[in-house]
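Good morning. I will take you through one structure today, going from particular residues to the chain as a whole. Please keep the picture in view while I talk.

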Amino acid sequence: MTTPPSPPTTPTVLVLDAEPLPRLGRLTGRARIEHADASTLAERLPHADVLLVWDFTSHAVREAWPGDGPRPRWVHTASAGVDHLMCPELAGSDTVVTNARGVFDRPIAEYVAALVLAMAKDLPTTLRLQGERTWRHRRPAGVPDPVAPASVVPGDRADA
């Protein structure tokens, strides 16, 4: 006689919080969401299946991971890097560690493009002059004087 398979258990996702809180509404009914901060993380780790490190500036994981009891099978950080949470015990464990690699690619590219344009157009001086309520026509360094385009008017010939 075979035993019927046990029903799947609802995984517990422990979130190391930061403001603004992550929007995890899609997990309703699919996972139990619990929240922790640096002071409660160590005591809650043994009861979690997944750890979502939303506060990616915190070193709480590195400090709380060594200890007694089971640890989550998966740790995901909302940052591109994982150096802030890695410790020898986590690195040597079977826990899968993932990150949000690539999530900041577009915003960083947009920021760099904005800075390049701001510097090329001398935006700091423009803003300073605007604050002084001063209008001064100026051309950013390295931009040549414009050359007046030649106009062509039909029927206008010097030799006619």
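I start with Arg133, which is exposed, because its relative accessible area is 80% and the cut-off for exposed is over 50%. Before going on, note that this is a predicted model. Arg133 sits in the segment after α5. Its phi is positive, about 60°, although Arg133 is not a glycine.

Where else does a residue have a positive phi although it is not a glycine? Asp122 does, with a phi of about 55°. Asp122 is in the loop between α4, residues 105-120, and α5, residues 123-131. Is Asp122 buried, exposed or partly exposed? It counts as partly exposed, at 28% relative accessibility.

Asp122 also brings us to the charged pairs. Asp122 and Arg138 form a salt bridge, with 3.7 Å between the closest N and O atoms. This pair links distant parts of the chain, since Asp122 is in the loop between α4 and α5 while Arg138 is in the segment after α5, 16 residues apart. Arg138 is partly exposed, at 25% relative accessibility. As a general point, side chains of opposite charge can pair when their charged atoms come close.

Arg106 and Glu110 are four residues apart in helix α4, so about one helical turn separates them. Arg106 counts as exposed at 65% relative accessibility, whereas Glu110 is partly exposed, with a relative accessible area of 45%. The other is between Arg32 and Glu34, with the closest N and O atoms 3.6 Å apart. Arg32 is partly exposed at a relative accessible area of 44%, and Glu34 is partly exposed at 24%.

Now the nonpolar residues, beginning with the inside. In soluble globular proteins, nonpolar side chains tend to be buried together. Here the largest nonpolar core has 16 residues, and Leu14, Leu41, Leu45, Leu51, Val53, Val61 and Trp65 have the most contacts inside it. Which elements give two or more residues to this core? They are β1, residues 12-16, β3, residues 50-53, and α2, residues 60-64. Of these, α2 gives the most, with three residues. A second, separate core has five residues, including Val13, Ala31, Val50 and Leu52.

Val53 is worth a stop. Leaving aside neighbours within four places in sequence, Val53 is in contact with Leu16, Val61, Val75, His76, Thr77, Ala78, His84 and Leu85.

Thr77 is on that list, so let us look there next. Thr77 lies in strand β4, which covers residues 74-77. Thr77 is buried, because its relative accessible area is 1% and buried means under 20%. The side chains of Thr77 and Ser79 are joined by a polar contact of 3.1 Å. Beyond its neighbours within four places in sequence, the contacts of Thr77 include Val53, Phe56, Val82 and His84.

Phe56 takes us to the surface. It is in the loop between β3 and α2, and it is partly exposed, with a relative accessible area of 37%. Phe56 belongs to a nonpolar patch on the surface, together with Val103, Phe104, Ile108, Tyr111, Val112, Leu115 and Val116. Together these residues have about 740 Å² of accessible area.

How far apart are Gly81 and Phe56? They are 25 residues apart in sequence and 8.8 Å apart in space, C-alpha to C-alpha. Gly81 is in the loop between β4 and α3, residues 88-91 being α3, and Gly81 is partly exposed at 29% relative accessibility.

Last, the whole chain. It has five helices and five strands, and from the N terminus on they run β-β-α-β-α-β-α-β-α-α. Of the 160 residues, 23% are buried. Take the contacts between residues at least 6 apart in sequence: 39% of them join residues at least 24 apart. The accessible surface comes to about 12,100 Å², and 58% of it belongs to carbon and sulfur atoms.

Note on methods: Residues are numbered from 1 along each chain as its sequence is written. This is a predicted model: local features need pLDDT of at least 70, side-chain atom pairs count only at pLDDT 80 or more; totals for chains, interfaces and linings use all residues. Side-chain values use heavy atoms; hydrogens and water are left out. Buried means under 20% relative accessible area, exposed over 50%, partly exposed in between (1.4 Å probe, protein chains only). A polar contact is a pair of N or O atoms within 3.5 Å; within protein, one must be able to donate a hydrogen and the other to accept it, and residues adjacent in sequence count only if both atoms are side-chain atoms. Contact means heavy atoms within 4.5 Å. A nonpolar core is a set of buried Ala, Val, Leu, Ile, Met, Phe, Trp, Tyr and Cys residues joined through side-chain atoms within 4.5 Å. Patches are made of residues with over 30% relative accessible area and no salt bridge: like charges are joined within 9 Å, nonpolar side chains (Val, Leu, Ile, Met, Phe, Trp, Tyr) within 5 Å. Accessible areas come from the Shrake-Rupley method with a 1.4 Å probe; for residues, only the protein chains shown count as cover. A salt bridge is a side-chain nitrogen of Lys or Arg within 4 Å of a carboxyl oxygen of Asp or Glu.
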